[in-house]
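Here is a friendly walk through one protein model. Have a look at the sequence and the 3D view, then read on.

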Amino acid sequence: MRAAGCSWGAYIMTIRGIMRTLINYIFICFLLFVAAQPALAADWQLKFSMSADINGKSALYPGGLYVDNNSERYYIVDSGHNRLLSFDKSGKPLHSFDANKSLKRPIAMSRDRYGRLIVLEKGRDSLTVIDLKSKKIKSHHLAGRGIFPQRLSLLGKKIYVLDKVSGTILALDNDFKIIRRFKCKDCELGFADMQVSENGEVFGLARQEGEVWKFADNGQLLNKVKLSPPPKFAAAFAISSVGKIFVAERHLGKIKVYAAQGEFLYEFLSRGEGEAQLSYPAQIDFDPWGRLCVLDEGNGRLAVFGR
């Protein structure tokens, strides 16, 4: 009996030793993880920012950004001055375009496969097609159809818009007719932002729930990713080439980064007017070189960050 008691005591001591080692290991891993967060955030550095045309006239409350991969140009949709500003890939200002002063509070733009500009005008709740070669401009009013577009993306023959009232992503054909709806079912406020991948997959950021929904081109829901902890004031999101999810916190002036499965990784930037600070970020996207582009509405600029 004494030998059995000793064996049992030794067993308990062994278990305690293993548990102590395990706890120490977990604690060390936690410290390493915490220590790594500033380093990960510090990896992102401001490369340059764009805020004014070639004559020095600054953008006023810009509403959208667009990166033209083919021409390697950045665009700022200067909502406050009803114009579009273009820059080369180093941030040098190129042109200012106001369509003969016909634009009415533009908030988004893109370029179709024919080279025409598609501009989302909030002042008209319309999509305006601008043919630079023929100098023709035609507006397609969507408010009469109950559509109040907020975001814009093009892929092939399809035009994608985010309806700000319903929070639904809509796919339109060349005649601007709805051919598909991507709904955030059971969501309280619908989607806050959208992204369309090159293979036609559609992503939506659920405003209230802090989830990223992934749809197939045919509208089938493929996956939901719960961001944990969820962002507080999510205004926009972008997905990196390796699947990480970047979310712009509008009122906090921060960029939060999540793993593809939704786990929080780190955050960077802060609210303010400094060079590497944000004031009401409105949109984010990645350029062809893997740099993060942040439209800083409050500071009137487009900031480009790289690692």
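Asn174 sits in the loop between β12 (168-172) and β13 (178-182); strands here are DSSP runs of E with at least two residues, helices are runs of H or I with at least four, and both are numbered from the N terminus. With a relative accessible area of 42%, Asn174 is partly exposed, where buried means under 20%, exposed over 50% and partly exposed in between (1.4 Å probe, protein chains only). Once neighbours within four places in sequence are set aside, Asn174 is in contact with Arg113 and Lys157, contact meaning heavy atoms within 4.5 Å. The C-alpha atoms of Asn174 and Lys158 are 6.7 Å apart, although 16 residues separate the two along the chain.

A word on how to read these values: this is a predicted model, in which local features need pLDDT of at least 70 and side-chain atom pairs count only at pLDDT 80 or more, while totals for chains, interfaces and linings use all residues. Residues are numbered from 1 along each chain as its sequence is written, and side-chain values use heavy atoms, with hydrogens and water left out.

**Nonpolar cores**

In soluble globular proteins, nonpolar side chains tend to be buried together. A nonpolar core is a set of buried Ala, Val, Leu, Ile, Met, Phe, Trp, Tyr and Cys residues joined through side-chain atoms within 4.5 Å. The largest one in this model has 18 residues, and Trp44, Phe246, Ile255, Phe268, Ile284 and Leu292 have the most contacts inside it. Elements that give two or more residues to this core include β19 (245-249), β20 (254-258) and β21 (264-268). Another core, of 15 residues, lies apart from it and has Ile118, Leu120, Ile147 and Phe176 among its members.

**Pockets**

The largest pocket holds about 1,400 Å³ of space. A pocket is an open set of points on a 1 Å grid over the protein atoms alone, where a 1.4 Å probe fits, with protein on both sides within 12 Å along at least five of seven lines; lining residues have an atom within 4 Å of a point. Grid points are joined across faces, edges and corners, and the volume is the space filled by probe spheres set on the points. Of the 41 lining residues, Asn69, Gln195, Val196, Glu198 and Asp285 are the closest to the centre of the largest pocket. Which element gives the most to this lining? It is β10, with five residues.

The second largest pocket has a volume of about 550 Å³. Its lining has 23 residues, and Gln150, Arg151, Arg250, Ala282 and Glu297 lie nearest its centre. Here too β10 gives the most, with three residues.

**Salt bridges**

The structure holds 16 salt bridges, each being a side-chain nitrogen of Lys or Arg within 4 Å of a carboxyl oxygen of Asp or Glu. Three of them are listed here.

| Pair | N to O distance |
|---|---|
| Lys89 and Glu72 | 3.7 Å |
| Asp78 and Arg83 | 2.7 Å |
| Lys254 and Glu267 | 3.3 Å |

Lys254 lies in strand β20 and Glu267 in strand β21, so this pair ties together parts that are 13 residues apart in sequence. Lys254 is partly exposed at 22%, and Glu267 is partly exposed at 31%. Asp78, in contrast, is buried with a relative accessible area of 0%, and Arg83 is buried at 5%. Asp53 joins these last two in a network of salt bridges.
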